[in-house]
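Trainee: I've got this model open and I'd like to go through it with you. Can we take it piece by piece?

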Amino acid sequence: MNLTELEELGLKNVGKVFHNLSYEELIKHELDNDECVLTTKGATAVDTGIFTGRSPKDKYFVDSNPSNKYIAWGDVNKKISAEVFAELLVVAKEQLSEKDIYVTDVFCGSTPASKRSVRFISEIAWQSHFVKNMFIRPTTSELETFKPQFTVLNACKAVNDKWKGHGLNSEVFVLFDVENNLCIIGGTWYGGEMKKGIFSMMNYWLPLEGKLAMHCSANVGKRGDTALFFGLSGTGKTTLSTDPRRKLIGDDEHGWDEHGVFNFEGGCYAKVINLDANSEPEIYGAIRKGALLENVAMNSEGEVDYDDGSKTENTRVSYPIEHIENHEPSLSAGHPENIIFLTADAFGVLPPVSKLTKEQAMYYFLSGYTAKVAGTERGITEPVATFSACFGEAFLPLHPTVYAKLLGEKIDEYGVNVYLVNTGWTGGGYGVGKRMSIKDTRACINAILDGSIKESEFDTTRTFRLHVPKTLGDINPEILNPRNAWNDKELFDNTRDKLAEMFIKNFKKYQNEDSKFDFSEAGPKVGS
């Protein structure tokens, strides 16, 4: 890349251009710039500033033709005028001018039909490292002819002092101009904005081509059986799809077309809070030279304390997928045999595993349920229900039913089995019951993947009307039907009905959108 190309983007008097640096070079720059420290395992560790997670309320799309006809405008996808975007584009360009610049060229989409070329421009070396980890790294020959189809200007040090006058949420801005294939970021250093920003664009582009974009992890077995794991943060997508007996396709973002499933990315972005080498050996082993840790605590010798969440509970690591020894090199596989919806139910109501009908699959996909504990304040133990359509509503520019229809069509066409797996609480809600053990959850997953769950005799639960196995391998039968695991049956019934009402209330937003796509009858029925 030459200075002329940067000048064409509107950057002026740029100093040195560090274009597609190697890992060795990036790590040297990070250390020389005092951006990171080295851990005892050889990974680099950075702090992302005051923002240790995404800023979804600061994400906007330019209101322009033809994208404004497709985007589902609302709280998730907010409008910004072309004039305000142009004004903030000047702010971003001024921030990136008159200084050294890091430029990283990558691909998103592992198949020729899905591949998009993306260029990231930043003044921070570790941000270049982050996108090199997360996206697909072009070969030397591919870089020689690389032409970006989409560009991200990460001006994280810039802020919008006029945000109130612009009618925006804060001085932070994460803005997308679909027609001009451009994203600008200001006010936040968090690397995940770049990752999820391109994911949002893939969620815009692919469905318009009849391809399903999915917030899920994926792996494939020795006989070529592909499995998808949908779930919100903290439900176990990365942990459960990283299996030494199955090849990892990817841990977070995938597409599904007429040929099968394919990863968007070339790396993994795992949560590391309470990371344990025994329960998650593959992820633990991936944290070595080339990996980039975010917001972790460590001692003066560079030894990381993964149990320390003092900076944030959202401690993370990014690493190239090659750091997982048992990964699928093509980052793709055939059509899935099994789809698993993961939920961490902190109410302790949902079963460890349920087999879903096609209609129930549509209902729980659109519901996108998980539950989070209320926080760390003393005395607060009430769980908080979270509904995020398609298990990733924050990243869906189009209406959720667009993705659900595509999923339903593919379930029908390829005869896919769908299961709901609760990685949350059993025997009571948060503060009373206990968290489902990873051992039991893996046993449920293994029974799905090897097909042995189909040999079970099934019960149907009340209210949620979920089909649960009476016995399953060595799992204690008492926990398979969640009511049996509670000592106080009346309290269970009340809690179950309370959660059911939350589901019913949430799903009402889909009942008027399209009468031909109303799966509310497959949801819970209080009193049944």
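Trainee: Which residue of strand 20 is the bridge partner of Ala270?

Mentor: A bit of housekeeping comes before that: this is a predicted model, where local features need pLDDT of at least 70, side-chain atom pairs count only at pLDDT 80 or more, and totals for chains, interfaces and linings use all residues. Residues are numbered from 1 along each chain as its sequence is written, and side-chain values use heavy atoms, with hydrogens and water left out. Strand 16 (residues 267-271) and strand 20 (residues 316-320) pair in the antiparallel sense over 5 bridges (strands are DSSP E runs of at least two residues, helices H or I runs of at least four, numbered from the N terminus; two strands pair if DSSP finds at least two bridges between them). In strand 20, the partner of Ala270 is Val317.

Trainee: How many residues of strand 16 are buried?

Mentor: Buried means under 20% relative accessible area, exposed over 50%, and partly exposed in between, with a 1.4 Å probe and protein chains only. Strand 16 is largely enclosed by the rest of the structure, because its buried residues number 4 of the 5.

Trainee: In what order do the 8 strands of the open sheet run?

Mentor: The pairing in this sheet is mixed. Strand 1 (17-19) and strand 5 (78-80) stand at the edges with a single partner strand each, so one side of each has no neighbour in the sheet. The order is 1-6-7-8-10-9-4-5.

Trainee: Which residue in strand 6 does Val17 stand opposite?

Mentor: Strand 1 and strand 6 run parallel, joined by 3 bridges. Strand 6 also pairs with strand 7, in the antiparallel sense over 7 bridges, and there Val103 stands opposite Ile121. For Val17, the residue opposite is Ile101.

Trainee: Which exposed residues does helix 2 carry on the face turned away from its buried side?

Mentor: Start with the buried ones in helix 2 (residues 23-32): Leu26, Ile27, His29 and Glu30. Seen down the helix axis they fall within an arc of 160°, so they line one face (the arc is that of the directions from the axis to the C-beta atoms). What covers them includes strand 1, strand 6 and helix 4 (125-134). The face turned away carries Glu24, Lys28 and Asp32.

Trainee: Which residue's side chain makes a polar contact with that of Asn338?

Mentor: Asn338 sits in strand 22 (residues 336-343) and counts as buried because its relative accessibility is 3%. A polar contact is a pair of N or O atoms within 3.5 Å; within protein, one must be able to donate a hydrogen and the other to accept it, and residues adjacent in sequence count only if both atoms are side-chain atoms. At 3.3 Å, the partner is Asn417.

Methods. Contact = heavy atoms within 4.5 Å.
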